[in-house]
Amino acid sequence: MNGDIPDGYVGVLLPLAVEKPFTYAVPAEWRDRVAFGLRVEVQFGRSRHYAGLVVETGLAKPDVRHIKSVLGVLDQRPLVTTRQYDLWKWMARYYACSLGEVMAAALPGHLKLSSETRILAGERLEEALPELSDEAYLVAEALQIRGELGIEDVRMILQRKQVYPLLQELVQEGVVSFRETLQERFRPKTVTAVKAGPALVDRENGLQVLLADLSRSPRQTAAVLSFLQLEKEMPWVRKSDLVERAGLGDASFKALVDKGVFDTYAREVSRLTGPPEEDASTWTLSPHQKEKLHQLRLQMTQKPVQLLQGVTGSGKTLLYTDLIRQTLGQGKQVLYLLPEIALTAQLLIRLEQLTGRKVLPYHSRLNQHERVEIWESVLTRPDAMVVAPRSGLFLPWFCLGLVIVDEEHDPSYKQQDPAPRYQGRDTAIMLGRLFGASVILGSATPSLETWHHAREGKYGHVQLEERYGGAVLPEIHLVNLRQEVIRGEQGLFSGTLMRAIRETLDRKEQVILFQNRRGYAPSLRCETCGWVQECVHCDVALTYHRQGSRMQCHYCGYQSGIPVECPQCGQRKLTLKGVGTQRVEDDLGLLFPDAKVDRLDLDTARSRSGLLRLLDDFSEGRIDILVGTQMLAKGLDFDQIGLVGILQADALLSYPDFRAAERAFQLMVQVAGRAGRKKGSSRVLIQTWEPGHPVIRDVVQGHLVGFYERELEERKMLGYPPFCRLARLMVKHKSEEKAEWAARHLADLCIKWLGADKVAGPASPPVARVAGYHLRTVQVKLTPGSRRADPWKQAVAQGSALLRQRSGMSGLVVQMDVDPV
């Protein structure tokens with residue numbers, strides 16, 4: 001390695017919003033260890049220390065008087081690969097952010113040590129004390145006394161600057177931990193399973209003897225016979241199934257265990273899967289799927305990116321797993337991306353059953369120890385298979401062979417804040433290109449951009465038109481609310497929907513109701529003067545939440561009590577307006593008092609344990625009616641759903657966005673697709689005031705191609721994606737006048753570079769003030785492949801920096817969002 005840095009200088013990237021690496025000198029004692037991808041301890045500024053990443057070696061001495069030196073090397077081997085760094089550079093350039101911001105997003109917290117990191121006692125601190133070195137003992141003793149230390153505290157205790165290597169070693173041994181590691185741990189769900197005990201193992205010679213011994217107890221005899229039958233029907237036997245089939249009590253079951261007839265053990269199961277007869281290892285490809293898999297493999301030899309489009313419930317996962325097995329068999333790695341990790345416990349179990357391989361989940365709910373372990377596994381294992389949300393793109397792949405982007409249309413693949421504001425689907429395609437890997441984009445309702453690229457021949461395109469296992473698509477019916485009013489059945493729940501809910505419950509089936517607004521009521525309004533209670537920091541109405549009886553802002557989190565009288569006119573005629581999921585849940589509880597009603601939205605799913613408990617209850621039939629927001633459209637796969645109701649379809653189409661129709665179409669089709677996935681007949685009811693609306697009509701009739709062609713024609717006429725690329729500048733300042741002034745300067749700059757016909761704004765967004773900042777937007781259209789895009793992004797960054805240097809403008813914030821959703 002010494003030959004890599006003949007002059008002893010390296011470029012070190014820091015996890016900060018810095019544009020490029022900084023040059024540091026490498027002392028002679030470290031020169032034989034420093035190489036690309038290793039972390040080193042460096043000082044930045046007057047006193048702050050960071051774990052930086054070596055990304056350039058063999059640099060010449062810069063023409064400056066004082067150069068800081070590397071203080072220590074933290075790793076034995078590189079933690080980042082060269083192609084991984086190539087992806088970082090592409091992201092920084094394309095999404096107009098700094099390399100340091102990409103690094104900060106990419107690395108797990110344990111790999112981003114800084115002076116601000118807080119050190120806590122680890123799980124093994126007490127037991128490890130006798131075996132610690134003198135310096136480690138001093139740190140451990142200080143932690144026992146003070147409970148928490150900072151990096152500077154450790155330096156003072158040890159009387160030296162270089163402490164990161166020691167802390168890294170103590171973290172790996174579990175002696176200390178960092179504050180960011182204390183996250184909720186995933187606890188797998190287990191059930192009690194039953195297997196044959198010693199008395200039942202010898203079926204040929206011992207069964208008749210055993211049955212004769214049990215002849216005086218008909219219940220125990222029935223239990224043995226029921227167990228033998230369940231063994232033939234299922235891959236493994238649940239205790240609950242055996243007890244139910246044999247009519248067995250706890251005392252009788254315990255007696256059989258004591259006699260050695262049965263043994264019990266804990267079996268890990270998914271919180272989303274059904275009973276064990278749904279074991280995915282028994283699934284096989286249907287003739288239709290075999291034909292489509294052949295097409296897919298053929299096209300993969302011709303084009304690197306494929307669109308696998310299948311109706312909801314078509315079994316795309318079976319095709320994925322066949323390709324996964326093939327890729328792993330070639331000694332290559334697999335990345336399986338999902339839009340929402342919290343709803344994918346089902347997939348993890350199924351993939352392991354279908355592939356016979358261990359699947360590594362990677363997401364923010366894991367603690368930092370677990371994330372670093374998976375990082376190390378991907379860095380060293382050529383057969384690593386990871387299921388992750390968009391953050392999985394940052395793992396240190398070195399022989400990636402297959403990338404799957406499931407539900408590729410989902411807006412959750414787009415990172416909003418902080419930077420980099422990247423689109424996970426597009427970044428996955430670039431990652432695949434860097435490795436020469438195949439990329440599969442899967443969806444029942446592809447994004448318009450993806451569908452267009454497939455139609456134009458840029459991507460391969462394979463379609464699954466049949467549901468798996470003989471399941472049929474649900475019948476979709478419209479409920480015309482205008483006619484319901486004429487019949488005197490006006491209300492949140494139409495008479496048609498009410499009768500359908502009752503019929504479904506009578507059949508012992510479950511109901512899903514979709515209302516895409518959380519909270520109880522979206523606003524509080526004075527009936528006398530029209531006053532609406534708004535957030536003091538944002539230009540938006542506060543939403544009423546029943547829990548805690550509070551008004552809350554969904555933008556900045558501000559909360560307020562409910563006023564007794566109107567502060568504007570003094571009257572007490574204050575009324576809650578609109579409908580959120582909490583109100584739907586309450587009203588259903590009154591209308592169907594015998595039914596168990598629950599709710600799936602951001603409030604109930606805020607913690608992983610709460611979400612998994614709710615999904616567990618629904619999968620096992622303890623919830624009859626589930627009310628939810630768009631989270632219902634992501635990955636739910638239950639077999640007892642007899643009815644899906646969409647309460648306010650028109651509201652989905654009213655957003656001031658050119659993608660409103662596309663989003664509404666996708667949401668309604670995906671929510672409707674939750675019905676009838678495992679059983680026969682099921683229904684979907686869509687309540688609407690506009691039954692003739694073309695989007696709603698396309699959903700009911702299943703006209704996906706017709707919808708996409710009409711949308712593409714409109715976008716082509718208006719010059720919107722996929723016929724251009726969009727970028728949006730968000731200008732923020734505490735002063736409205738200064739925000740407007742800066743936005744106008746930036747709009748003029750954009751016009752200078754791109755032309756007036758490519759620039760819109762500045763304009764006020766629908767919510768023009770958030771968290772005390774006044775907002776203005778400037779939107780530009782970029783021609784795909786244009787050489788002016790990168791220089792324009794650099795000009796905007798330089799122009800923003802110059803504006804911040806003006807008097808009174810230091811608080812200016814300018815954010816660029818490329819390909820906004």
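## Ala-199 and its surroundings

Setting aside residues up to four places away in sequence, Ala-199 touches Leu-210, Lys-259, Gly-260 and Val-261. The model described here is a predicted one. Ala-199 has its place in helix 7, which covers residues 198–201. Its relative accessible area is 29%, so Ala-199 counts as partly exposed.

In what order do the seven strands of the open sheet lie? The order is 14-15-13-16-17-12-18, and the pairing is parallel. Strand 14 (360–361) and strand 18 (460–464) stand at the edges. Each of these two has a single partner strand, so one side of each is left without a neighbour in the sheet.

Within this sheet, strand 12 (residues 305–310) pairs with strand 17 (residues 438–443) in the parallel sense, over five bridges. One of the residues involved is Val-305, whose bridge partner in strand 17 is Val-439.

Helix 12 (residues 287–300) lies across strand 12, strand 17 and strand 18, and runs at about 175° to strand 18. Helix 17 (residues 448–455) packs on the sheet and touches strand 12, strand 17 and strand 18. The direction of helix 17 makes about 110° with that of strand 12.

## Aromatic pairs

A pair of aromatic rings is described by two values, the distance of the centres and the angle of the planes. A search of the whole structure finds 16 aromatic pairs. One of them is formed by Tyr-320 and Tyr-336, with 5.5 Å from centre to centre and 90° between the planes, an edge-to-face arrangement. Tyr-320 lies in helix 13 (residues 316–329) and Tyr-336 in strand 13 (residues 333–337), so the pair ties together parts that are 16 residues apart in sequence. Tyr-320 has a relative accessibility of 1% and counts as buried. Tyr-336, at 0%, counts as buried as well.

Why is the pair of Phe-658 and Tyr-720 stacked? The ring centres are 4.4 Å apart and the planes stand at 10°, and planes under 30 degrees apart count as stacked. The pair of Phe-658 and Tyr-720 links distant parts of the chain, 62 residues apart. Phe-658 is in the loop between helix 22 (649–652) and helix 23 (660–672), while Tyr-720 is in the loop between helix 25 (704–718) and strand 30 (725–733). Phe-658 is partly exposed, with a relative accessible area of 23%.

Aromatic residues also form a cluster, made up of Trp-451, Phe-665, Phe-707 and Tyr-708.

## Lysines over rings

Two lysines lie over the faces of tyrosine rings. Lys-195 is over the face of Tyr-265, at 5.6 Å from the ring centre. Lys-734 is over the face of Tyr-773, at 4.5 Å from the ring centre.

## Salt bridges

Side chains of opposite charge can pair when their charged atoms come close. The count for this model comes to 37 salt bridges. In one of them, the side chains of Arg-421 and Asp-417 meet at 2.8 Å, N to O. Arg-421 is buried, with a relative accessible area of 11%, whereas Asp-417, at 49%, counts as partly exposed.

Glu-585 forms a salt bridge with Arg-599, and their closest N and O atoms are 2.8 Å apart. Glu-585 lies in helix 20 (residues 581–591) and Arg-599 in strand 26 (residues 597–600), so this pair ties together parts that are 14 residues apart in sequence. Glu-585 counts as buried at 15%, and Arg-599 is buried at 8%. Lys-596 forms a salt bridge with Asp-598, the closest N and O atoms being 3.6 Å apart. Here Lys-596 is partly exposed at 40%, and Asp-598 is buried at 11%. Elsewhere, Glu-408, Arg-425, Asp-426, Arg-725 and Asp-819 are linked in a network of salt bridges.

## Thr-777

Thr-777 lies in strand 33 (residues 773–782). Is Thr-777 buried or exposed? Its relative accessible area is 14%, so Thr-777 is buried. Apart from neighbours within four places in sequence, Thr-777 is in contact with residues including Arg-728, Leu-729, Met-730, Ala-760 and Gly-761. Pro-762, Ala-763 and Pro-765 are also in contact with Thr-777.

Notes:
Residues are numbered from 1 along each chain as its sequence is written. This is a predicted model: local features need pLDDT of at least 70, side-chain atom pairs count only at pLDDT 80 or more; totals for chains, interfaces and linings use all residues. Side-chain values use heavy atoms; hydrogens and water are left out. Rings of Phe, Tyr and Trp (its six-membered ring) pair if their centres lie within 6.5 Å; planes under 30 degrees apart count as stacked, over 60 as edge-to-face and the rest as tilted. Helices (H or I, at least four residues) and strands (E, at least two) are DSSP runs, numbered from the N terminus. Buried means under 20% relative accessible area, exposed over 50%, partly exposed in between (1.4 Å probe, protein chains only). A charge sits over a ring if NZ of Lys or CZ of Arg is within 6 Å of the ring centre and within 35 degrees of the ring normal. Contact means heavy atoms within 4.5 Å. A salt bridge is a side-chain nitrogen of Lys or Arg within 4 Å of a carboxyl oxygen of Asp or Glu. Two strands pair if DSSP finds at least two bridges between them. Axes are lines fitted to C-alpha atoms, for helices over the stretch in contact, and angles run from 0 to 180 degrees between N-to-C directions.
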